[in-house]
Amino acid sequence: MSRVFRVSWGPSIALSLLVVLGACSETIPDRIVEVDPDAIRPFNVQVPDEILDDLDDRLKRARFPDQIPDTDWSYGTDGAYLSELIDYWRTEFDWRAQEQILNELNQFTTVIDGVDLHFIHQRSSNPDAVPLLLIHGWPGSIFEFMEIIGPLSDPASYGGNRSDAFHLVIPSLPGFGFSGKPSESGWSPERMAAAFAELMERLDYDRYGVQGGDWGGIIGRSLAGNYPDRVIGFHTNFVLGGPPPNTDRWAGVSEEERTFLADRTEAFAEGSGYQEIQGTKPQSLGVGLNDSPAGLAAWIVEKFHGWSDHDGHVEDAFTRDQILANVTLYWVTETITSSARIYYESRHAQNRSTTPYVSVPTAGAIFPKEIYFTPRAWAEHRYNIVRWTVMPRGGHFAALEEPHLLVDDVRAFFRELPSQP
């Protein structure tokens, strides 16, 4: 008699497989299969056809709301654009092509702190390459980094110097993409930072750099602040920090920076409502977004439109395929709700970082359409700023929107550090 055992490697949908044990008609005794909890397992993406068929069916039946004429994006995602995007998603977008892009990379999973963590580990052919942890944010994903993986890991093939190579480690945040969904409260950015520190240790990287934007910048700050003996340098395109206490808030802040700060504050004034919802009641929102792909697309595309650098059309900053690869990843993994909880966990965290100052050498890459702006004088109160680059263009999703600018700045920063691993 043959037996079929279902071996679950973790909570991620794509990480289960069927193991059939049996030979002829012999009875195989029940046995316990022990799995190394620290094992690093190869991973490939292959979303079941039934999930994609269900997506197609839901897109066919999408029900769009009315919209006041001539309001465009002012009330939220523009209905005309969304209708075009949904039609393209259903009739032309090729998820299997996106899977192929991912599967050409070296992907793995490993269990850390009870969560199955998915990550890309793209090593350079240069044995002296600097290990670099790339951390995405919300509503981004590992797809943000597709344009910079090659140039950073194999610079010689992209017109750069071989000496500027990096060994890249790119995790999906817990609750995002192909990583597992935490089954308990408390997965704050600080806890994620600790998990990533464990991941780098498990990969035998004693010293490494960190780069991140959005939540990746916040998690990266926690890493740099709490593990200064491991992090050789922190590069971020999301510098956060208020004015120093008990001082003149405008001391050392130029007129140009004041104007820029006022502009960014005004631009984001009516764009921050999602933070209140996801920071207080993400589960209620998640019901709708997890059930409707059109709703999910509207929620995410609004951010891609509002946080990027363009003259009114979001596809001046990203291609449709880039937008939909990211949206589809959230859909097929059903992680929009679990990912949104990071706002709740951050707001209600019991283990907030108490590091008042990040002593690790830090680089700020300042893109003009980023949702927040921190003047350099304020940043220097919280970070050991050794490089500060004001970019000529670009927005919140820097690695995807302006990959060349980001790559050049990352290379320059780590090249200039006084010590490397």
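These are my notebook entries on a predicted model of one protein chain.

**Ground rules**

I number residues from 1 along each chain as its sequence is written, and my side-chain values use heavy atoms, with hydrogens and water left out. Because the model is predicted, local features need pLDDT of at least 70 and side-chain atom pairs count only at pLDDT 80 or more, while totals for chains, interfaces and linings use all residues.

**Overview**

I started with the chain as a whole. I find 15 helices and 11 strands. Helices (H or I, at least four residues) and strands (E, at least two) are DSSP runs, numbered from the N terminus. Of the 421 residues, 54% are buried. Buried means under 20% relative accessible area, exposed over 50%, and partly exposed in between (1.4 Å probe, protein chains only). Next I looked up contacts, meaning heavy atoms within 4.5 Å. Among those between residues at least 6 apart in sequence, 78% join residues at least 24 apart.

**The sheet**

In what order do the strands of the open sheet run? I read 3-4-5-7-6-8-9-10-11, 9 strands with mixed pairing. Two strands pair if DSSP finds at least two bridges between them. Strand 3 (41-42) and strand 11 stand at the edges; each has a single partner strand, so one side of each is left without a neighbour in the sheet. I then checked strand 5 (residues 115-122) against strand 7. They pair in the antiparallel sense over 4 bridges. Ile120 has Ile170 in strand 7 as its bridge partner.

**Ser188 and helix 5**

Ser188 lies in the loop between strand 7 (166-171) and helix 5 (189-202). Is Ser188 buried or exposed? It is buried, with a relative accessible area of 1%. Pro174 is 14 residues from Ser188 in sequence, and their C-alpha atoms are 9.9 Å apart.

I checked the length of helix 5. At 1.5 Å a residue, its 14 residues should span 20 Å, and the end C-alpha atoms are 20 Å apart, which agrees. The expected span is 1.5 Å times one less than the number of residues. Helix 5 is mostly covered, with 11 of its 14 residues buried. Among them are Glu190, Arg191 and Arg202, along with Met192 and Phe196. Just after helix 5, Asp204 takes a positive phi of about 70°.

**The core**

The largest nonpolar core has 119 residues. Such a core is a set of buried Ala, Val, Leu, Ile, Met, Phe, Trp, Tyr and Cys residues joined through side-chain atoms within 4.5 Å. Leu173 is one of the residues with the most contacts inside it, as are Trp138 and Leu223. I looked up what Leu173 touches, leaving aside neighbours within four places in sequence. The list includes Met192 and Phe196, and also Ile135, Trp215 and Ile342.

**Aromatic rings**

How many aromatic pairs are in the whole structure? The search finds 23. Rings of Phe, Tyr and Trp (its six-membered ring) pair if their centres lie within 6.5 Å; planes under 30 degrees apart count as stacked, over 60 as edge-to-face and the rest as tilted.

Phe304 and Phe318 are edge-to-face, 5.1 Å centre to centre with 70° between the planes. Phe304 is in helix 10 (residues 293-306), and Phe318 is in the loop between helix 10 and helix 11 (320-333). Phe304 counts as buried because its relative accessibility is 1%. Phe318 is buried at 1% too.

Trp307 and Phe397 are stacked, 6.1 Å centre to centre with 20° between the planes. They sit 90 residues apart, with Phe397 in the loop between strand 11 (383-390) and helix 14 (398-401). Both are buried. I note one aromatic cluster that includes Phe304, Phe318, Trp307 and Phe397, as well as Trp138 and Trp215.

I also looked for charges over rings.

Most residues other than glycine have a negative phi, and most peptide bonds are trans. Trp138 and Pro139 are joined by a cis peptide bond, omega about 0°. Pro139 lies in the loop between strand 6 (130-135) and helix 4 (149-153). Asp70 has a positive phi of about 65°; it is exposed, at 77% relative accessibility. Asp214 has a phi near 55°, but Asp214 is buried, at 6%.
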